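I would ask you to keep the model in view while I go through it.

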Amino acid sequence: MTARGIVASVGIALMAGASGQVGRAQAPSVPASTAVSPHRALLDQYCVACHNDRTRQAGLTLQTIDTDQIGQIAEDVEVWEKVARKLRARAMPPPGRPRPAEAVYDAVAAALESALDRAAAADPNPGRPPIHRLNRVEYRNAVRDLLALDIDERALLPPDESGYGFDNIADVLAMSPVLLDRYMVAAEKISRLAIGDASIRPVVQKYTVPYTLWQDGRMSEDLPFGSRGGLAVRHHFPLDGEYVIRMSLQRAYGNHIRGLGESHDIELRLDRRRIAQFTVGGDGERAPWDAVSRPSLYEQTADAGLEVRVTVQAGTRLVSVAFLDKAAVAEGVLEPHPGVSSLAYSRDRNAAMALDSIEISGPYNARTPEDTASRRRVFVCSPVEASQEAPCAAEILSSLVRRAFRRPAVDEDVEPLLSLYWEGRDEGSFETGIQFALRGILIDPEFLFRVERDPVSAAPATAYRLSDVELASRLSFFLWSSIPDDELLDVAARGELSNPPMLEAQVARMLRDTRSDALVDNFFGQWLLLRNMRTVAPDTDAFVDFDENLREAMERETELFVASQVRDDRSVLDLLRSDYTFLNARLARHYGIPNVYGNHFRRVTVDGHGRGGLLGQGSILTVTSYPNRTSPTKRGLWVLENLLGSPPPPPPPDVPGLPTADHPDAGRSLSMRERMEVHRTSPVCASCHVRMDPLGFSLENFDGIGAWRTTEEGTPIDASSTLPDGTSFEGPSGLRDLLLDQEERFAETVTEKLLTYALGRGLEYYDGPAVRAITRDAAASDYRWSKVILGIVESTPFQMRRTREP
């Protein structure tokens, strides 16, 4: 059936009262017409009572909009996209008003979308993203791939602002004079590190272990088997020379070093090779233990000798410290761990010895390195005599410019840099000149900004295709959060990247590359609020079991889960319906899942434990809770905004707070559901909470840190819910089924979020046809990630751009 046929059938249904509901919304009178279109009949019956020229609720009127030219009148397109979106979400009419039948909702929305999609295909509007500054993660990755140099971007640059849920949005990535100064300081430091400037002065870098981290097993894959506790870090040694590595042990309250009652062996390794071993404990005088005892000198200084001076070649190297694990277990009753935030733990000097920090200082007696990864990346040639220096400098700078500016180098790029080279050459050596020029590259706008230029011949306010080189830059920052590699640039420079088979092959290659881990870290980390796990602070009185091990395990579970989804090219729907996750012993114990041992993560089938998919993962449940309790509203908002793409409007000012659990009239503590029901009696709150709270209530069996519970304050948990349209469901499995029943809407929301991230801008009404096309094409493959990602890369807003308005 054609779109016009669908609309006609809808009109007949409307005239016959197909909604099956009593009552009719009374709309203001409209001009009489000899023939009322089906769309006009729908609007008049259900919408115009609120959205008319007089009341204009939500700033919208549908009273006089032309229903016969949908998509043809530019000023009306945004309104029709809003109408279609509200119909798909069943968000309008609001609860309590007459609503059309389900078939009417779907038919009208489909007809509207078809008309809008046809109009968009005839006159595409890809939008016009502003000039895009690299955020600090992109800056770090660009330096890594340009110079083979790992830097700590957090020490060099301030955090970036976020917009639309992501920190790569061009509109909010401004450049202030203060930030420009930070970039100049960073360029100076990075250029010296990359070249290996022998004048670099000694510095001290300290790496600490969180106090609330239990060090009772092999802590990471970078530490040796048979070890316990400790820390492994990747440290950049800037020059060949001597470095001092010092270790400090953890103290209890009163400055007692823990675990000195018995001896402990500590290993220091460099690139997995043992360079020193120490034995601490079991041989010194300890003060008598009582509540007010002061530690002996030995208890305060037993770690004073944990220091080694070692010669290290320049480069980024793995430094690790760990205790040798003792298999024996002390006799007696096995006591549970006290809470790491408890007074008992803070005062326990007999707790297992633990590492507090690794401190690396240097270089001393330093010299310029002969060979490092950075120098190999920079010095593509080496002059043997003075006459070869200028041509070699030009070759080096051309190579750096090509990668840094993400396009073939031209003379106008290299000549200013050669001037900087000669300035540095006059002050020192050939390498000094290259260092000066490299500093200029790192502060050049062509490096710091992603610049796309309109063709000279393009007419104003028209869409045009990006060049292959510009497309390569968009693609690499989307999938890698970094600059294109040589292969991608070569393909783009030959003009072959826009060829669909070649583009598909490059996308597949880039997703196989480890640099695509950036997609997990930066897209999923922000979309799912996973980054917030690093800063959440659950109340230690309410959740005594929460510790740093659990925080890290929750975050790692979700990272491994979403990475497996993309790597295995699973369906987007498997984010909700998967029957597996990734666990270690700490997280499995928290979830109540048996037979999982050790600190390493492994894939575990969790069907039957209520943990399948994102909805059962501790990271999601923790970041959507308050420090001392769950929040059905925050969890419901997260579902609405991130899974269903229909967030409620911002709350009005002076919203009354949630009532306390101790209610004088009830004679007992109120459950969360009862407190929320009291809160919703306020008309100001009810309109939004009626949509959010039912979704959140279904997750109430999970407490504020994601542990399963059946009671709250002695009251049985009620996880049943009913939506405004009468749909009932119960518990996490009911919510999962509810979302999967709307699989197209969920897949479309994921596409919208990923397209926002890919473009580095918020989506506008004119992006609706592209989102629908991507989702529709991916549906044939059950919404596999490869098809969604490729659909975004091939879409109009990704491959095209609009010229300025006249």
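This is a predicted model: local features need pLDDT of at least 70, side-chain atom pairs count only at pLDDT 80 or more; totals for chains, interfaces and linings use all residues.

Residues are numbered from 1 along each chain as its sequence is written, and side-chain values use heavy atoms, with hydrogens and water left out.

Let me begin with the cysteines. How many disulfides does a search of the whole structure find? The search finds one, where a disulfide is a pair of cysteine sulfur atoms within 2.5 Å. The partners are C381 and C392, with their sulfur atoms 2.0 Å apart. The link is right-handed, with 115° about the S-S bond. C381 lies in the loop between α10 (373-378) and α11 (389-404), and C392 lies in helix α11, so the pair ties together parts that are eleven residues apart in sequence. Helices here are DSSP runs of H or I with at least four residues, strands are runs of E with at least two, and both are numbered from the N terminus. Both C381 and C392 are buried; buried means under 20% relative accessible area, exposed means over 50%, and partly exposed is in between, with a 1.4 Å probe and protein chains only.

C47 is buried at 18% relative accessible area, and C50 is buried at 17%.

I turn now to the aromatic rings. The structure holds 19 aromatic pairs. Rings of Phe, Tyr and Trp (its six-membered ring) pair if their centres lie within 6.5 Å; planes under 30 degrees apart count as stacked, over 60 as edge-to-face and the rest as tilted. F237 and Y243 have ring centres 4.7 Å apart and planes at 80°, so this pair is edge-to-face. F237 is buried, at 0% relative accessible area, and Y243 is buried too, at 1%. Y765 and Y766 also form an edge-to-face pair, at 5.2 Å centre to centre and 70° between the planes. Here Y765 is partly exposed at 29%, and Y766 is partly exposed at 23%. One aromatic cluster includes F166, F478 and W527 among its members.

Two arginines lie over ring faces. R515 is over the face of W480, 3.9 Å from the ring centre, and R611 is over the face of Y591, at 3.8 Å. A charge sits over a ring if NZ of Lys or CZ of Arg is within 6 Å of the ring centre and within 35 degrees of the ring normal.

Next, the aspartate. Where is D160 found? D160 is in the loop between α6 (153-156) and α7 (177-195), and is buried at 16% relative accessibility. Its side chain makes a polar contact with the side chain of R133, at 3.3 Å. A polar contact is a pair of N or O atoms within 3.5 Å; within protein, one must be able to donate a hydrogen and the other to accept it, and residues adjacent in sequence count only if both atoms are side-chain atoms. A polar atom of the D160 side chain also lies 2.8 Å from the backbone nitrogen of R136.

Finally, the helix. The buried residues of α4 include V104, Y105, V108, L112 and L116.
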